[in-house]
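Thanks for passing this one along.

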There are 2 protein chains.
Amino acid sequence: MPAGTGQDPTDEYGIPIIPDPADAASRKRRAIIDAALAEFLAEGYSAASMDAITAKSGVSKATIYKHFGSKERLFLAVVGGLLPRTYADLAPAGATIAAAPDVRTGLVRHASELARILLRPEIMSLRRLVIGEIDRFPQLGQLWYRVTYDMNNGPLIEALTELTAAGALHVPDPELAVQQLVAATVGIPQLVQTFAPATEPDATALTATIESGVDLFLARYAARS
Amino acid sequence: MPAGTGQDPTDEYGIPIIPDPADAASRKRRAIIDAALAEFLAEGYSAASMDAITAKSGVSKATIYKHFGSKERLFLAVVGGLLPRTYADLAPAGATIAAAPDVRTGLVRHASELARILLRPEIMSLRRLVIGEIDRFPQLGQLWYRVTYDMNNGPLIEALTELTAAGALHVPDPELAVQQLVAATVGIPQLVQTFAPATEPDATALTATIESGVDLFLARYAARS
DNA sequence: GTCTATATTGGGATAGAC
DNA sequence: GTCTATCCCAATATAGAC
């Protein structure tokens with residue numbers, strides 16, 4: 001069927017549906033971003049092909065270049081745009097801890113939340129991609145680090161500082177303590193998943209690891225009674 | 001100058017030096033490996049060019065293909081061959097700890113040794129490369145993990161087990177404890193260097209981080225007196 | 001704004017002489 | 001075993017019609 005004979009689609013009354021051009025452009029932009037993300041995650045930056053992104057997105061290559069200018073800019077827009085959203089549904093550490101019956105439970109819950117997010121296969125793939133392309137795109141490394149700080153470490157530092165002021169903990173260097181807490185809990189399964197993505201994570205073992213990490217933390221930083 | 005007129009080089013007595021063919025081939029092989037490693041570390045697998053490796057190594061492209069068959073096999077040979085050597089000059093954990101006046105000093109010394117090796121820029125680059133190519137070469141991820149275990153975690157587990165048997169420590173789960181110790185010491189600066197390679201590591205801060213991590217570990221696992 | 005068709009470069013791999 | 005010269009394909013990016 002020749003493409004030239006296509007007519008505007010009509011609704012149930014026969015009224016032609018003229019798509020809002022702005023919305024059409026937005027939808028195409030979204031389709032490009034989705035296709036590009038899938039391709040970059042699967043292939044890495046260099047092996048990713050603009051032809052493949054073209055095919056997956058359903059728009060033409062020229063349109064992609066009109067929107068994003070170059071492969072580099074497309075990569076930065078897609079990956080850089082996704083980074084701030086990676087931690088989007090992480091509840092603030094302070095709230096999680098305050099809602100718990102005791103500090104240990106609060107820390108375990110927060111670390112479990114963090115693990116649930118960071119160990120998701122898409123986030124793990126994104127992290128591997130960013131690490132692998134850091135020499136080419138140092139901005140992404142800095143962005144990743146800042147997002148981690150703003151969404152997790154920063155709030156946790158605040159929470160530990162307040163708990164220390166309230167006498168519930170004794171944490172002289174909250175920034176270092178947060179790094180230790182994260183490393184000794186989520187950091188351990190994260191390292192395994194980084195090098196062995198095919199390994200199925202075991203929920204029971206994950207909980208045990210996180211609880212043990214929190215206990216390690218509390219053995220040092222619990223307030224002396 | 002036409003290449004056809006080249007003569008064998010002679011020594012100081014005019015005796016032609018005929019290079020041992022096996023040695024010549026070995027030297028070329030070594031030159032290829034060195035050039036390929038530099039190129040792969042700088043560009044990643046996909047962006048690395050066999051032409052660039054040809055130029056850097058000083059041999060012809062056909063020779064590289066005779067030796068290694070394909071780009072993939074060259075990559076695996078070069079990176080896979082280097083992995084076991086990364087930990088080559090790490091003293092066994094047991095020896096380092098046994099030679100120290102006390103357990104804390106021994107653990108700090110071992111962690112510092114480990115950090116000295118793992119934070120070297122070439123090792124950090126190699127690690128980033130392996131992580132970024134894990135979807136394409138899962139073997140390298142498994143190899144990295146096994147080398148880490150054989151050269152560091154395994155011996156450390158043994159050492160902690162012996163120290164527990166001797167009553168110097170109380171470590172119920174040595175495998176988990178080793179992961180915690182490594183994560184809370186070397187893991188922290190390693191994470192920073194992973195995402196921010198340009199950051200100059202501060203030796204004083206590194207020592208403080210490692211000592212704090214060991215103290216964290218001992219707060220939980222020191223034998224109860 | 002969007003498409004089709006194409007320009008142009010560079011890369012992996014090999015044939016054949018020596 | 002090694003080199004020179006080349007094949008062939010795929011990739012980024014763009015020109016021009018609509």
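How many salt bridges does the count come to over all chains?

1. The count comes to 18 salt bridges over all chains, where a salt bridge means a side-chain nitrogen of Lys or Arg within 4 Å of a carboxyl oxygen of Asp or Glu. Please keep in mind that this is a predicted model, in which local features need pLDDT of at least 70, side-chain atom pairs count only at pLDDT 80 or more, and totals for chains, interfaces and linings use all residues. Side-chain values use heavy atoms, without hydrogens and water.

2. A:K56 and A:E39 form a salt bridge with an N to O distance of 3.1 Å. A:K56 sits in helix α2 (residues 50–57) and A:E39 in helix α1 (residues 21–47) of chain A, so the pair ties together parts 17 residues apart in sequence. Helices here are DSSP runs of H or I with at least four residues, numbered from the N terminus. A:E39 is buried at 6% relative accessible area, while A:K56 is partly exposed at 49%; buried means under 20%, exposed over 50% and partly exposed in between, with a 1.4 Å probe and protein chains only.

3. A:R104 pairs with A:D215 in a salt bridge, with the closest N and O atoms 2.7 Å apart. Since A:R104 belongs to helix α6 (residues 103–118) and A:D215 to helix α11 (residues 203–221) of chain A, this pair ties together parts 111 residues apart in sequence. A:R104 is partly exposed at 31%, and A:D215 is partly exposed at 24%.

4. A network of salt bridges links A:D89, A:R120 and A:E122.

Conventions:
Residues numbered from 1 in each chain as written. Chains lettered and ligands numbered in written order. Helix = DSSP H or I, 4+ residues; strand = E, 2+ residues; numbered from the N terminus.
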